[in-house]
Protein chains: 2
Amino acid sequence: MRTSQYLLSTQKETPADAEIVSHQLMLRAGLVRKLASGLYTWLPTGLRVLNKVSEIVRDEMNKAGAIEMLMPVVQPADLWQESGRWEEYGPELLRIKDRHNRDFVLGPTHEEVITALVKNEISSYKQLPINLYQVQTKFRDEVRPRFGIMRSREFTMKDAYSFHIDNDSLEKTYQDMFQAYCNIFERLGLEYRPVIADSGSIGGAVSHEFHVLAESGEDAIAFSDSSDYAANTEMAEALAPAGEKPTGTQTMSEVATPNVGTIEQVCAHFDVTAEQTVKTLIVLAQQQDDQPQGLVALVLRGDHQLNTIKAEKLAEVHAPLTLASDDAVKQMLGCDIGSLGPVGLTIPVIVDRSAAHLADFICGANKTGYHLQGVNWQNDVGEIQQADIREVQAGDPSPDGQGKLEIKRGIEVGHIFQLGDKYSSAMGCGVLNEQGKHQILTMGCYGIGVSRIVAAAIEQNHDKYGIIWPDAIAPFKLALIPMNMHKSHRIQEVAETLYEKLTAAGIDVLFDDRKERPGVMFNDMELVGIPHTLVIGERNLDENKVEYKSRRSGEKQLLDIDNVIRFITQL
Amino acid sequence: MRTSQYLLSTQKETPADAEIVSHQLMLRAGLVRKLASGLYTWLPTGLRVLNKVSEIVRDEMNKAGAIEMLMPVVQPADLWQESGRWEEYGPELLRIKDRHNRDFVLGPTHEEVITALVKNEISSYKQLPINLYQVQTKFRDEVRPRFGIMRSREFTMKDAYSFHIDNDSLEKTYQDMFQAYCNIFERLGLEYRPVIADSGSIGGAVSHEFHVLAESGEDAIAFSDSSDYAANTEMAEALAPAGEKPTGTQTMSEVATPNVGTIEQVCAHFDVTAEQTVKTLIVLAQQQDDQPQGLVALVLRGDHQLNTIKAEKLAEVHAPLTLASDDAVKQMLGCDIGSLGPVGLTIPVIVDRSAAHLADFICGANKTGYHLQGVNWQNDVGEIQQADIREVQAGDPSPDGQGKLEIKRGIEVGHIFQLGDKYSSAMGCGVLNEQGKHQILTMGCYGIGVSRIVAAAIEQNHDKYGIIWPDAIAPFKLALIPMNMHKSHRIQEVAETLYEKLTAAGIDVLFDDRKERPGVMFNDMELVGIPHTLVIGERNLDENKVEYKSRRSGEKQLLDIDNVIRFITQL
């Protein structure tokens, strides 16, 4: 491709409304343009990357036995009513009416459509398992679209749905998809982690997220430093500290602590670290029929943070998690929130495992201006209910028993899920089993945010000059930059000959034949992030050489012109 | 691909609601499934064909210098308001509101989006011409979607838009696109015709349709039997008969013709052919300010049909064309419509060229129950206004002066158009020209109905057993059918070995490894329309041979097993 016959559309200025680096660089490098809030046009360079990502995804899905098909963007409402999601799904589901006033949606996902299809097409267990996928345009009406392609409303997704006669079959396909996803992200050339996203109440993990690691990632991921264990911090299990629970030696005593409310103030007052204190949070209880709204106390070690997702899963706690107001606490428990503690409370108390592991600790006395020290659970509180309700921290023991946790940030780009029979039951999707009886199928679903991967790849691979594409998804493999070609017949001749040979060798080359200063060309090619560059200049040509430069390492190297094709092909 | 691991989904029964053969066969062969009115899911086999069509389209577009990009399905209303089409476009434009109650449309086409983009991205004539295209999902809310994919609401289209500093540049790109379209349809292996779709008032043709020929086509196309001339019959120019206008020899006389109204009755009464009569149609005139509604007489030879599109273009005629009621005719002209004629009318009279060529003809006398015979224009009517207002017929002289016209039926699958500045003017899309002045661009647009091509190809290529794909767009090139493989170890071994070798040779093969009777397999492969079949049977294996069959010709041939790969590769 010649830049003179291409739409490069690079921009010098960083767009004011682009908050994150991938959004800035996708605009500056001419990958996308905003059409409206959350709607983006893919310019030629961006589409090249998007297509390369799609092709790798397709190839690995095919290798794993999945079959590609294509479902419509517009879906009839009745299927969503059948599955129950017409009511359940929030306003992100864009509901529309056609000219005959019939209800439709713009599909944010296709469980309903595929389940209805398989219900009609598959009649026997002999046709199973089957794994159907598409690479398709989705719409999710985000309340506040932002970060460009990272959280747009219209986006490209690969979604796959598998159907099985039993859980063993589902488990096998799930593992195949897990492996296919690993292969995909390896081939994309991205640093990634499969992460436990949720753990079923019975039988281990049923969902994994795949994250591209980047400092700007929205999600925090906890990894073991000694094993494969990785989980979203929201989901990572927080263990009690290893070893025997220490035995208390002190006797509880009350201490006047005027103006001491926060853990910091408690530590300063008692000259202890936060690990020797507990904090008590009062939240609304799950409401019982006809009963007034109750409260629940959640107790954590002073240095730990509550994990709301874990807390919301407790039967005692109202979801969504809601902190009781200061007034409600004062009225029902008789003290300021800065003086709360687990001793003598008349409401249910749930103690985090690490807090429960403490002895001789300090807490509020449930009396404004007073704390207790030398507190021990058995002596001073009695039997307690323990639960995992905190965020994991770096240095925590890994839940798999191997090593300690580290925390990194990631961008979710894939999600695989053992769905079970949620959709197949609701929509009556079953087959005749080996015994000739109708049996509801069990399902898996497997998503990859194809367009989001483009943004995530940039978050992980850039410097102050622009994007640094992994070779596998670069819009072009090679930039060919002749210096002042329009003033030098020799440069032009060499450039044209090289371009012809490189193209004939099947190399995806962008030939910068614009009448621009070399500096402009270098900057553009660095901004666009083309992995390899050849520069043709007068001085090197005198020695029959051209200069190669690697975008990632910055390494330069002079090549004999006769060696160029071989060198580039082997990169 | 093995059928046992594929979703073949063939059906024996012809679906009741499928009216045309392509719709029936697309359902029966497992290409598509209806999701809702005008919405179709592409099953794996259908998607394979759709993708092969898309890739040929892309390849030829790229070769012609067009650059691929991708615009959103959902478009903001403000662009349509800017172009004026928010008001102009009928209910086929599906208007939707997002969660913030802002107006959007599901894009039936992308002139607005691309014009707004080019306006922002291109600033100098030096960056022109540019031709941008996409293969993308469109939505058109048809009032009565039918014929399956042929007239669906959601469909796949290739749309390209070119931008130019002047008409010469537009004309050049237009010719390049014309040639690219010819290349595309050649490569698709379809019998097609580029057809003049409209002629500009100045400077020749500005729009061509591309039709796939098929008896079931909705459009009638007129071709010269001696040149490249082809036009939609709606647009084809109807010339007067060749040669000198005959000189009249008779004197006009009035004849009582009770109960004679139609041309057939006139012919019977006077014992003449319809070519010697004229018929007179009374239509509403273009309304003048403050004047009462007038009438216009349109006069045609008795055997000719009015072409409403041509008639509506006349300044005198109200558009849309509206026949005057019998009552209005009687009140203003004083007779029944069966007795109308051009002699002595006080309203404007427009005479078709062929009618104007007549001498000594017969027409109504504008007096109920009477006709005139021996009528001649000059003597009996005076100076007349001539125009081309009729449909062409087979046997008419070709408008390019070469040969006679034939009429065939076609399916419109492509349309190229010199748009001019309709959108660029309305939206202020211009650049700095060579003189440094801002200049509005001129545009071309070039559409191909990618999904429609799949249906059109079937309309053209099928027999009573099913589809007969051209090789270039077949879902698979070859069907490998082992007979009773599950009962014969030898058959299985040969089949597996051949499958492996064919796949390794890069041949797109569907291996029917189901436990089905041979007849079921043959029928399925014929229905699906795979161009080439290899059958492995015991008897032929005894002689180390397998049977080849061509789907199109039905020709069978025994091949040495060792020659199979070479034979298939060379097909």
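Predicted model: local features only at pLDDT ≥ 70, side-chain atom pairs only at ≥ 80, totals over all residues.
Close-up 1. Look at their side chains and you will find a salt bridge, in which the closest N and O atoms of A:Glu55 and A:Arg58 are 2.8 Å apart. How many salt bridges does the structure hold over all chains? The total is 72.

**Close-up 2. Where chain A meets chain B.** Here we turn to the contact between the two chains. Chain A gives 50 residues to this contact, and chain B gives 50 residues as well. About 4,200 Å² of area is buried between chain A and chain B. Carbon and sulfur atoms give 67% of that buried area. Charged side chains take part too, with four salt bridges counted between chain A and chain B. For an example, find B:Arg153, which forms a salt bridge with A:Asp98. The closest N and O atoms of that pair are 2.8 Å apart.

**Close-up 3. Helices α1 and α13 of chain A crossing.** Two packed helices are described by the angle between their axes and the distance between the axes. In chain A, helix α1 (residues 21-28) and helix α13 (residues 450-460) have axes that come within 8 Å and cross at roughly 105°. Angles of 65 to 115 degrees count as roughly perpendicular, and so α1(A) is roughly perpendicular to α13(A). Which residues of the two helices meet? From α1(A) they are A:Val21, A:Ser22, A:Leu25 and A:Met26, and from α13(A) they are A:Val454, A:Ala455, A:Ile458 and A:Glu459. Sorted by class, this contact has six nonpolar residues, one polar and one charged.

**Close-up 4. Helices α1 and α13 of chain B.** Now move over to chain B, where helix α1 (residues 21-28) packs with helix α13 (residues 450-460) at an angle of about 105°. The axes of these chain B helices are 8 Å apart. That angle makes α1(B) roughly perpendicular to α13(B). On the α1(B) side, the contact is made by B:Val21, B:Ser22, B:Leu25 and B:Met26. On the α13(B) side, the partners are B:Val454, B:Ala455, B:Ile458 and B:Glu459. By class, the contact of α1(B) with α13(B) divides into six nonpolar residues, one polar and one charged.

Close-up 5. Strands of a sheet pair through backbone hydrogen bonds, either parallel or antiparallel. Three strands of chain B form this open sheet in the order β13-β18-β17, and the pairing is antiparallel. Follow β17(B) into strand β18 (residues 370-375) of chain B and you trace a hairpin with five residues between the strands. In the turn, B:Asn366 has a positive phi of about 60°. The strands β17(B) and β18(B) pair in the antiparallel sense over three bridges. Across this pairing, B:Cys363 stands opposite B:Leu372, and B:Gly364 stands opposite B:His371.

**Close-up 6. Another open sheet in chain B.** This view shows three strands of chain B in the order β4-β6-β5, forming an open sheet with antiparallel pairing. At the edges stand β4 (74-76) and β5 (95-97) of chain B, each with a single partner strand, so one side of each is without a neighbour in the sheet. Neighbouring strands of this sheet are turned by 40° against each other on average, direction ignored. Strand β4(B) pairs with strand β6 (residues 103-106) of chain B in the antiparallel sense over three bridges. Within the pairing, B:Pro76 stands opposite B:Phe104.

**Close-up 7. Backbone details to look for.** A cis peptide bond joins A:Leu128 to A:Pro129, with omega about -5°. You can find A:Pro129 in the loop between α5 (111-121) and β7 (130-139) of chain A. In chain B, the peptide bond from B:Ala319 to B:Pro320 is cis, with omega near 0°. B:Pro320 lies in the loop between α8 (308-312) and α9 (326-333) of chain B. Finally, look at A:Ser9 in the segment before α1 of chain A. Its phi is near 50°, a positive value in a residue other than glycine.

How values were computed: Residues numbered from 1 in each chain as written. Chains lettered and ligands numbered in written order. Heavy atoms only, no water. Axes fitted to C-alpha atoms, helices over the stretch in contact; angles between N-to-C directions. Helix = DSSP H or I, 4+ residues; strand = E, 2+ residues; numbered from the N terminus. Parallel < 35°, antiparallel > 145°, perpendicular 65-115°, else oblique. Contact = heavy atoms within 4.5 Å. Nonpolar A, V, L, I, M, F, W, Y, C, P; charged D, E, K, R; others polar. Pairing = 2+ DSSP bridges. Buried area = accessible area lost by both parts, 1.4 Å probe.
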